Amino acid sequence: MNNNLVDVFSSFDGKEEELIPILQKVQNALGFLSDDSMEEIARFARVPMSKVFGVATFYAQFRFTPKGEKHIMLCRGTACHVKGAPRIQEEIENHLGIKEGETSKDLKHSMENVACIGACSLAPCILVNETVEANLTPQKVEKLFSSKGKNK
Amino acid sequence: MDINKLIKEASAEWTDLLNGPVPAFLVGNATCGRSAGAGNIIEKLKSEISAGSHECRVLEVGCIGMCFMEPIVSVYRPGYPLIVYGNVEEKDVAKMTEAFLEKGEIINYNIIGVVGPNEQLDKPDLFNIPVMEPQKRLVLNNCGLIDPTNLNHYIANKGYIGLQKALQLSSQDVIERLKESGLRGRGGAGFPTWRKWQFCKDQDNDTKYLICNADEGDPGAFMNRSLLEGDPHSLIEGMVIAGHAIGASSGYIYCRAEYPLALERLRLAILQAEQKNLLGNDIMGMGINFKLKVKEGAGAFVCGEETALIASIEGERGMPRPRPPFPAISGLWENPTIINNVETLVSAARILQNEPGWFSKYGTKESKGTKTFALVGKIKNTGLIEVPMGTTLREIIYDIGGGVDNGKKLKAVQTGGPSGGCVPASMIDIPVDYESLAEAGTIMGSGGLVVMDEDNCMVDVAKFFIDFAHKESCGECAPCRLGTKQMLAILEDIVAGKGTMEDLDLLEDLGKGIMKGSLCGLGQTAPNPVLTTLRYFKDEYIEHIQNKRCPAKVCRDLKYYEILKDKCTGCHICFKACSVAAISGNPKELHKIDQDLCIKCGMCLDKCPTKFNAIEVYPGNKVMED
Ligand SMILES: Cc1cc2nc3c(=O)[nH]c(=O)nc-3n(C[C@H](O)[C@H](O)[C@H](O)COP(=O)(O)O)c2cc1C
Ligand code: SF4
Ligand code: SF4
Ligand code: FES
Ligand code: FES
């Protein structure tokens, strides 16, 4: 078994109620939930695979494909929406050539929507890995993601 | 440990911060502070201080609420009040340390206000400036002023005194205190907190649970986040009090995973409280036990609903189940369970920290106390506010919020998130309380308050919310799952210019059907944003349908861009910017947009230099002349 998984499992008892925290920790460690890791989780938590998949697919947080080096979370909250988030999303998609929910072939970028990142007072905003980029305008997006931008 | 000893130690540390010889910088480093660049300010401050020869402290504090002024840096200096600076830039830091530490001077610009006795400085008191004056900070009183990672700061500001008092009272007496306060749930529905607690207390069961709902599902709201980041011990205190009242000895905090900083602060605070015997077994030596665990949400809006949240903690898919039985009778692992919002529990802590009558003297007859709101959208002073119940929307938007941004006209105010509704500008004199908002067709909700101006299309907003509800529906009830899908499809037709007048009736019928036929609050309220916009902004729907125009110029198929003959200089910038080559024209000549090719992305308008302003957007569609 992958060493990361051994590590993650060591902090749990393998009880059914721990399923979501286990999935979260595994995703943190691997970046996504691989098929193999799902099988190991089922074995460890002593539940059927269908249960693990059922739970994991219910929650938006879980992903089954790898993240890019720069993982972009696009806020789709109300504050961001009324301040022009759709336009911002389109600009980023244009610059990176991938759409929401996709990862670029070179694994450099991935992008997904998130309900709100809690920085609504500085809308519209996005999260690039751990960094919030706030008060975005199409011009700022260009600075961030054009071929010379810091996130390219 | 003896609480009185803790208080003594804490006050000594706090007095030393306020009046001691060592100056201190307080930097707002909650999520919006970080987003605005507080991290760099802190680094710079630390390096300036270590390069100099003076002792000085740097503390990270929470959100003081004036997020539009971030980064915010405050300074304690012997003999002076706390001076609060806004919009601090990295380049200001060296000037600040030099003035304060080396020269013993004050920097006079960017001061928002001061806190504390203030004779020598001619600056306004922070709590008297226009943004703050109408506010009453009963719940947010510590946010931005204490170091949330320092338990002593909390204790020195009445922290855990409420718990001490509560543990000296019987459970029933604690509930009586809540009853007297008039506190109602801050998570949305406004159910009297004492009554809920009483239900659970009266259950004869050895095991009971208390859950704090910190899922903050309303997208566009961050009241709970700010409280958790800026004052996490308040929640812990409120939870132990509630645990004592209902007879629960374990609790969970269900906090959304999108709030990493809040989670970090909570976990640290729990550890600190455990170390000082403010959590755990035999709390304060008073014979009461209470354990607390944090559960991270996993990004499902429906998990804000009580029974779905319980399923999620149990490790299941977050599917709501029918009520009754209510969780107060059969909840987590079929034991009596109380679920309260973060703000409800923090209010409970404050109520116990203060004398009877303190909380209920604020607010209206039916809605007591204060409410926090995340004031966002098209408003000048965005941030986190707390006002007495009964304050009017006008006071919130104009006096506190400073009015609509960019001199635009106010169009609507949205409260209650996806479950709420849009109140039109003409109704902003209504007071903010549970009943008045319900009468206007919306709800108090948990505190999201989104301001919209003339550039926002109400049909688009309605579509936005239905899209959200549709994506977040757990799928259990057909009316919710399929009904929201159909409403979305109708709205998509309308914004594409393919709507009919019959669609409007259909939207209403569908909406009402979904509300009746859904099991949980998500479906029961999901049509609200559509129904309220239909009620107050029907003309705008009709414009889309009959005249194929989006008056706010938002909906793509119902607007067009045009280059103004007398303004275009032929700079050729838009030509290069257009991704679909819809713009033609030679340099230095008039440019033109081919309406058939144009995808209405608006890039050209953004790119046309402001000194020319040669591109305009109009509602409707242009009939090609040639
Ligand atoms: C779909 C849905 C989402 C909800 N989201 C939240 C939420 O994020 N936070 C919250 O406190 N209450 C939320 N609620 C309300 C809770 O179910 C519950 O009523 C509340 O937490 C009770 O706490 P209170 O009595 O302190 O208000 C939601 C309800 C529904 C139906
Ligand atoms: S109303 Fe919607 S979200 Fe609620 S239980 Fe039914 S399908 Fe699920
Ligand atoms: S950017 Fe503006 S001024 Fe320049 S060519 Fe285009 S419309 Fe004309
Ligand atoms: S709405 Fe975008 S951060 Fe909250
Ligand atoms: S986070 Fe600093 S004022 Fe909001």
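Student: Are Lys378(B) and Asp453(B) buried or exposed?

Tutor: Both Lys378(B) and Asp453(B) are buried. Keep in mind that this is a predicted model. The label "buried" requires a relative accessible area under 20%.

Student: What makes Lys378(B) and Asp453(B) a salt bridge?

Tutor: The closest N and O atoms of Lys378(B) and Asp453(B) are 3.0 Å apart. The cut-off is 4 Å between a side-chain nitrogen of Lys or Arg and a carboxyl oxygen of Asp or Glu, so this pair counts as a salt bridge. Lys378(B) sits in the loop between β10 and β11 of chain B, while Asp453(B) is in strand β14, 75 residues apart.

Student: Why is Lys622(B) called partly exposed?

Tutor: Its relative accessibility is 24%. Partly exposed is what lies between buried, under 20%, and exposed, over 50%, so Lys622(B) gets that label. Arg549(B), at 31%, counts as partly exposed too.

Student: Which residue does Lys622(B) form a salt bridge with?

Tutor: Its partner is Glu562(B), with the closest N and O atoms 2.5 Å apart. Lys622(B) lies in the segment after β18 of chain B and Glu562(B) in strand β15, so the pair ties together parts that are 60 residues apart in sequence.

Student: How do you know that Glu142(A) and Lys607(B) meet in a salt bridge?

Tutor: Their N to O distance is 3.1 Å. The limit is 4 Å, so the pair of Glu142(A) and Lys607(B) qualifies. The count between chain A and chain B is five salt bridges.

Student: Which parts of chain A touch chain B?

Tutor: Among the helices that each supply at least two residues are α2, α5 and α7 of chain A. The largest share, five residues, comes from α4(A). In total, the contact takes 39 residues from chain A and 56 residues from chain B.

Student: What makes the span of helix α11 of chain B close to the expected one?

Tutor: Helix α11 of chain B has 16 residues and reaches 23 Å from its first C-alpha to its last. At 1.5 Å a residue, 22 Å is expected, and the two values are close. Several residues of α11(B) are buried, including Leu261(B), Arg265(B) and Ile270(B). Just after α11(B), Asn277(B) takes a positive phi of about 60°.

Student: Which residues are linked with Lys51(A) in a network of salt bridges?

Tutor: Glu16(A) and Glu316(B) are linked with Lys51(A) in that network.

Conventions
Residues are numbered from 1 along each chain as its sequence is written. Chains are lettered from A and ligands numbered from 1 in the order in which they are written. This is a predicted model: local features need pLDDT of at least 70, side-chain atom pairs count only at pLDDT 80 or more; totals for chains, interfaces and linings use all residues. Side-chain values use heavy atoms; hydrogens and water are left out. Contact means heavy atoms within 4.5 Å. Helices (H or I, at least four residues) and strands (E, at least two) are DSSP runs, numbered from the N terminus. The expected span of a helix is 1.5 Å times one less than its number of residues. Buried means under 20% relative accessible area, exposed over 50%, partly exposed in between (1.4 Å probe, protein chains only).
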